[in-house]
Amino acid sequence: MSSKTNKTDQTINTSAVQNRVIKYRGVLSVVLLTAGLAGGYVPAMTQTSSTTTSTQEYTMNNIDIAKTYIKAVQLGNQATLGSIISPDVVWHQPGDNQFSGIHRGMAAVGPMLGKMMEVSKGTFAITRADHYMANGDWVAITVEFAGEANDIKLKQPGVDLIRIEGGKIVEVWLYSSNQAQEDAFWGQ
């Protein structure tokens with residue numbers, strides 16, 4: 001990221017391709033967002049200003065999209081998930097259980113996730129998401145997930161790795177710290 005600063009003009013460039021632009025006016029918004037006080041993250045931004053007007057354009061970056069995804073999963077917000085997951089998503093479900101394998105498109109992923117909730121009687125959840133790390137189009141998220149199914153109580157850390165293009169999640173890889181336990185949890 002490069003930056004150039006003087007009293008009348010400040011520009012911060014990012015390399016991430018963004019899908020949504022939110023316009024803010026005023027210096028207070030810049031201070032709050034930069035300090036991470038507005039939602040706990042610092043969005044990628046392009047800011048232009050002059051002596052008579054001040055306009056900042058904030059663009060949702062890949063970490064913002066990942067945070068939105070995790071929050072929507074935790075809340076069961078289907079509308080938000082539908083807006084940020086590509087209809088052509090490629091989902092890599094780990095292990096050797098009834099859900100394992102590569103699932104292509106929301107037409108396959110949606111029913112699989114629904115069946116997971118059915119098997120766990122609605123208990124399967126991401127209980128914690130701690131670290132969001134971006135590298136280009138990829139974001140890695142350390143998570144903890146838990147649930148009850150097949151007389152097994154599951155609670156373990158993992159990593160969700162998502163690829164984002166054009167503001168949409170286009171690929172998901174999931175990793176479990178104890179795959180054998182997760183396989184028994186989901187069953188065959």
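Leaving aside its neighbours within four places in sequence, Ile63 is in contact with Tyr132, Ala134 and Val139, where contact means heavy atoms within 4.5 Å. The coordinates are those of a predicted model, in which local features require pLDDT of at least 70 and side-chain atom pairs count only at pLDDT 80 or more, whereas totals for chains, interfaces and linings use all residues. Residues are numbered from 1 along each chain as its sequence is written, and side-chain values rest on heavy atoms, with hydrogens and water left out.

The protein chain holds five helices and eleven strands, these being DSSP runs numbered from the N terminus, with helices (H or I) of at least four residues and strands (E) of at least two. Of its 188 residues, 38% are buried; here buried stands for under 20% relative accessible area, exposed for over 50%, and partly exposed for values in between, with a 1.4 Å probe and protein chains only. Among contacts in the protein chain with a separation of 6 or more, 50% are between residues 24 or more positions apart.

Ile63 belongs to helix H2 and, at 23% relative accessibility, counts as partly exposed. The C-alpha atom of Ile63 is separated by 9.1 Å from that of Trp138, although the two residues are 75 residues apart along the chain. H2 covers residues 62-75, and its end C-alpha atoms are 20 Å apart, in agreement with the 20 Å that its 14 residues should span at 1.5 Å a residue; the expected span is 1.5 Å times one less than the number of residues in the helix. The N-terminal end of H2 is capped by Asn61, a side-chain oxygen of which lies 3.0 Å from the backbone nitrogen of Ile63. Buried residues of H2 are Asn62, Asp64, Ile65, Ala66, Tyr69, Ile70 and Ala72. An α-helix has 3.6 residues a turn, so residues three or four places apart point the same way. After H2 comes Gly76, whose phi is positive, near 70°. Lys67 lies over the face of Tyr132, at 5.4 Å from the ring centre; a charge sits over a ring when NZ of Lys or CZ of Arg is within 6 Å of the ring centre and within 35 degrees of the ring normal.

S8 and S9 run antiparallel and are joined by eight bridges, with Ala125 standing opposite Ala146 in S9. These two strands form a hairpin with two residues between them, and Gly136 in the turn has a positive phi of about 65°. S9 is in turn joined by twelve bridges to the antiparallel strand S10 (residues 152-165), and Val139 has Ile162 in S10 as its bridge partner. In the hairpin of S9 and S10, which also has two residues between the strands, Asn150 takes a positive phi near 50°. S10 pairs in the antiparallel sense with S11 (residues 168-176) over eight bridges, the bridge partner of Ile162 in S11 being Val172. Gly166, in the turn of the hairpin of S10 and S11, has a positive phi of about 55°.

Val172 is also one of the residues in contact with His92, along with Gly101, Ile102, Glu171, Trp173 and Leu174, when neighbours of His92 within four places in sequence are left aside. His92 is found in strand S6 (residues 85-93) and, at 9% relative accessibility, counts as buried. The side chain of His92 makes a polar contact of 2.9 Å with the side chain of Glu171; such a contact is a pair of N or O atoms within 3.5 Å in which, within protein, one must be able to donate a hydrogen and the other to accept it, residues adjacent in sequence counting only if both atoms are side-chain atoms.

Rings of Phe, Tyr and Trp (its six-membered ring) were taken to pair if their centres lie within 6.5 Å, with planes under 30 degrees apart counted as stacked, over 60 as edge-to-face and the rest as tilted. By this rule the count comes to five aromatic pairs. The rings of Phe124 and Phe145 have centres 5.8 Å apart and planes at 55°, so this pair is tilted. The pair links distant parts of the chain, 21 residues apart, with Phe124 in the loop between helix H4 (106-119) and strand S8 (125-135) and Phe145 in strand S9 (residues 138-149). Phe124 and Phe185 are likewise tilted, because their ring centres are 6.2 Å apart and their planes at 45°; this pair spans 61 residues, from the loop between H4 and S8 to Phe185 in helix H5 (residues 179-186). Phe145 is buried, with a relative accessible area of 7%, and Phe185 is buried at 0%. Phe99, Phe124, Phe145, Phe185 and Trp186 form one aromatic cluster.

Notes. Two strands pair if DSSP finds at least two bridges between them.
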